[in-house]
Amino acid sequence: MFGRAKQFISTVALALGTLLFSSCNSSIISGAGASFPSPFYIEAAKQYATDSESNPDGIQVSYGAVGSGAGIRNLQDYTVDFGASDVFLSDSEMEKMEQEVLHISTCIGGIVMAYNLSEVPVLNLSPEIITGIYLGKITSWDDPMIAEVNPDVELPNKPVTPIYRSDGSGTTAVFSSYMCEVDPEWETQLGSGKSVDFGTVGLAAKGNPGVAGNISEIDGSIGYIGSEYSLALGLPAARLKNASGNYVEANMNSISLSGERDDFPDDTRAILANSPHPDAYPISTMTWILVYKEQAYHKRSLREAKALQDWLLYLVGDEAAVSASKTHYSPLPASAQEKARKVILSMTYNGKNLAQLNAPK
């Protein structure tokens, strides 16, 4: 299993490096941000590059998985065509941006508590146990709190090593926000945000690949990562207690159930975590591409703006949904997909609707 983990992480890094190398090409769309959706974006970009019908000009897409916080900063600095984040900007954060920012939801994933205990193939965890682990109160896997919710499991007398993100991370923001909602002690002691101060407890790692790599290497470790990394690597993930009191494993079905709602907002900024559905995985989230609504900035050509819009429409369409499923993400439900398309089609160039303009060849 752990050899496969190293191979997967290396493959993601190699694919990312290849895409970034292609940025020397003048026909390039560049993006940066969350590591959570990077396997999907990398796979979709590879597919798009060879799709002559959807992409007749052979536009290449590069994506740097630098974390949500860095991706937003890169968009602010105008060094990328799009940013990416696992947490949407708040109204106050939107007001601080120099231009109006659009949020484009792209897929649904889960955040799981992956762990390294070869002798424990199935593990139940409650929010209170997770808090105890990250506060350093639960230090051994045979702790009575863990044993109580795992009555049929022989838990080893091994130290617990929690792993967490060292970088500004949308994954951390979603995870910690959920934990604040379901456990008052977490909210009081640790709080929420893209970065959380875990003190001296556990080990820090950069990006989802870094956390996944540490978990695969350290016996007795546990950490929060995107579900796609757990599913792809074969890392076991705990079944988490949801809002209905059921312990639910993270799979494409349980994650997608969180997205079954009729009240998706027009701007796609929706929270999916802690769904009331009895079979829904509790820490499910959408992830977003961020772009400026007005594309005629910093001498951007109409051709560049149109190329970006075409790529975004592809990313939320049925073709890219294949890439989402292939990389263990749940595609957008139909209602969310339609809302995302409308957001993309609201992009402008010199105040005119971008979709209605013809770019010069």
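**Entry 1: Ser126**

I started at Ser126, which sits in the loop between strand S5 (124-125) and helix H5 (127-134). Helices here are DSSP runs of H or I with at least four residues, strands are runs of E with at least two, and both are numbered from the N terminus. I noted that the model is predicted: local features need pLDDT of at least 70, side-chain atom pairs count only at pLDDT 80 or more, and totals for chains, interfaces and linings use all residues. Residues are numbered from 1 along each chain as its sequence is written, and side-chain values use heavy atoms, with hydrogens and water left out.

Is Ser126 buried or exposed? I found it buried, with a relative accessible area of 7%. Buried means under 20% relative accessible area, exposed means over 50%, and partly exposed lies in between (1.4 Å probe, protein chains only). I then looked up the contacts of Ser126, leaving aside neighbours within four places in sequence, and found Lys241 and Tyr247. A contact means heavy atoms within 4.5 Å.

**Entry 2: Thr161**

Next I went to Thr161, in strand S6 (residues 161-165). Thr161 is buried, and its relative accessible area is 19%. Which residues does Thr161 contact, leaving aside its neighbours within four places in sequence? I listed Leu203, Ile218, Gly220, Ser221 and Ile222.

**Entry 3: the whole chain**

I counted 14 helices and 13 strands in its secondary structure. The radius of gyration is 20 Å, close to the 21 Å from the globule rule for 361 residues, so the chain is as compact as a globular protein of that length. That radius is taken over C-alpha atoms, and the rule is 2.2 Å times the number of residues to the power 0.38. Along the principal axes, the C-alpha atoms fill a box of roughly 70 × 40 × 35 Å.

Buried residues make up 56% of the 361 residues. I also checked contacts with a separation of 6 or more: residues 24 or more positions apart account for 76% of them.

The chain exposes about 15,000 Å², and carbon and sulfur atoms supply 50% of that area. Accessible areas come from the Shrake-Rupley method with a 1.4 Å probe; for residues, only the protein chains shown count as cover.

**Entry 4: charges and cysteines**

How many positive and negative side chains does the chain have? I found 25 positive and 41 negative, with the centres of the two sets 8 Å apart. Lys and Arg count as positive, Asp and Glu as negative, while His and the chain ends are not counted. Each charge is placed at NZ of Lys, CZ of Arg, CG of Asp or CD of Glu.

I looked for disulfides and found 0. A disulfide is a pair of cysteine sulfur atoms within 2.5 Å. I looked up two cysteines. Cys107 is buried at a relative accessible area of 0%. Cys180 is buried too, at 12%.

**Entry 5: positive phi**

I turned to backbone angles. Tyr78 is not a glycine, yet its phi is positive, near 60 degrees. I placed Tyr78 in the loop between helix H3 (68-76) and strand S3 (82-85). At 18% relative accessibility, Tyr78 counts as buried.

Asn350 is not a glycine either, and it has a positive phi of about 55 degrees. Asn350 is in the loop between strand S12 (348-349) and strand S13 (352-353). Asn350 is exposed, with a relative accessible area of 59%.

**Entry 6: sequence gaps and distances**

- Asp197 is in the loop between helix H8 (184-189) and strand S7 (203-205). It is exposed, at 64%. Asp197 and Ser166 are 31 residues apart along the chain, and their C-alpha atoms are separated by 9.4 Å.
- Glu187 is in helix H8. It is partly exposed, at 49%. Glu187 and Asp152 are 35 residues apart in sequence and 31 Å apart in space.
- Ser301 is in the loop between strand S11 (284-292) and helix H12 (302-315). It is partly exposed, at 30%. Ser301 and Ala359 are 58 residues apart along the chain, with 8.7 Å between their C-alpha atoms.
- His298 is in the loop between S11 and H12. It counts as exposed, at 58%. His298 and Ser256 are 42 residues apart along the chain, and their C-alpha atoms are separated by 39 Å.
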